[in-house]
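The following exercises concern the architecture of a protein model. Please work through each task with the structure at hand before reading its solution.

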Amino acid sequence: MAELSTTARPYAKAAFEHALAASALAEWSKMLNTAAAVAQQAGVQKVLSSPALTTAQQAQAFIDICGDTFNAGGENFIKILAENKRLSLLPTISELFEAQKAIQEKTVDVEIATAFALDTASEQRLAEVLTKKLARQVNVHSHVDAQLIGGVVIRAGDLVIDGSVRGRLAKLAEALNS
C-alpha cells in the first residue's frame with residue numbers, strides 16, 4: 001500500500017493543484033471518484049492490462065466507459081495516466097485527492113459507532129462538540145455496533161476516541177469540551 005501511495009501521490013497532487021487553481025475541487029472529486037470506481041471493475045482491469053491495446057486505446061476505452069464524466073482536463077489526466085501505465089492507481093489517486101480536499105475545505109469525516117441508535121439531537125450535539133474540538137467541519141456517519149456493550153467509539157482520521165467502558169455521550173461531550 002505504501003508503494004501505491006508513493007507512486008500515486010504526484011498524480012493526486014497535480015490533479016488537486018489544477019482543480020484548486022480552477023476552483024473545480026467538487027468537479028474533480030466527482031471525476032476521480034467515478035474513475036476510481038470504474039478502474040476497480042474486473043472487466044475494466046482486463047482492458048487496462050491487455051497487451052493488444054496501445055496506451056492511447058486503453059485511455060480512450062476508459063474514457064468511453066466513463067461516458068461524459070470527464071471534462072477536457074479530466075480526459076487529458078486519464079491519457080497521461082495511461083501513457084505512464086498508471087490507470088490502475090486511480091483508486092489511490094482519488095483517495096489522496098479527497099484527503100487534500102478535506103484539508104483545504106477544513107472538513108473531516110467522522111465515524112461514530114454506538115451500542116444503541118443515537119437520536120438526532122445527540123448526534124447533532126456530538127457533531128458540534130467535535131467540530132469545535134477538531135477545528136473542522138465534521139461530516140458525521142453513525143451506525144449501531146452490536147459488539148459494543150455501551151457507549152461510543154469515534155473515529156476521525158487517525159484520532160480514535162473510545163467511550164465504550166461506562167461511557168455516556170454527555171460525559172464524552174464534556175471531556176471533548178475541556
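**Exercise 1. The sheet**

Four strands form an open, mixed sheet, ordered E2-E1-E3-E4. The model is predicted, so local features need pLDDT of at least 70 and side-chain atom pairs count only at pLDDT 80 or more, while totals for chains, interfaces and linings use all residues. Residues are numbered from 1 along each chain as its sequence is written, and side-chain values use heavy atoms, with hydrogens and water left out.

Task: determine which strands stand at the edges of the sheet.

Solution. 
1. Strands (E, at least two residues) and helices (H or I, at least four) are DSSP runs numbered from the N terminus; two strands pair if DSSP finds at least two bridges between them.
2. Strand E2 (137-144) and E4 each have a single partner strand and are therefore the edges, with one side of each left without a neighbour in the sheet.
3. On average, neighbouring strands are turned by 15° against each other, direction ignored; the axes are lines fitted to C-alpha atoms, for helices over the stretch in contact, and angles run from 0 to 180 degrees between N-to-C directions.

**Exercise 2. Pairing**

Solution. 
1. Strand E1 (residues 107-114) runs antiparallel to E3 and is joined to it by five bridges. Thr114 faces Val152 of E3.
2. E3 and strand E4 (residues 159-162) are also antiparallel, joined by four bridges, and Arg155 has Val160 in E4 as its bridge partner.
3. Two residues separate E3 and E4 in a hairpin, and Gly157 in its turn has a positive phi of about 65°.

**Exercise 3. Cover and packing**

Task: state how many residues of strand E3 are buried, and which helix packs on the sheet.

Solution. 
1. Buried means under 20% relative accessible area (1.4 Å probe, protein chains only). Four of the five residues of E3 (residues 152-156) are buried.
2. Across the protein, 37% of the 178 residues count as buried.
3. Helix H7 (residues 120-134) packs on the sheet and touches E1, E2, E3 and E4, a contact being heavy atoms within 4.5 Å. The direction of H7 makes about 140° with that of E2.

**Exercise 4. The whole chain**

Task: give the order of helices and strands along the sequence.

Solution. 
1. The protein has eight helices and four strands.
2. Their order is α-α-α-α-α-α-β-α-β-β-β-α.

Technical notes. Buried means under 20% relative accessible area, exposed over 50%, partly exposed in between (1.4 Å probe, protein chains only).
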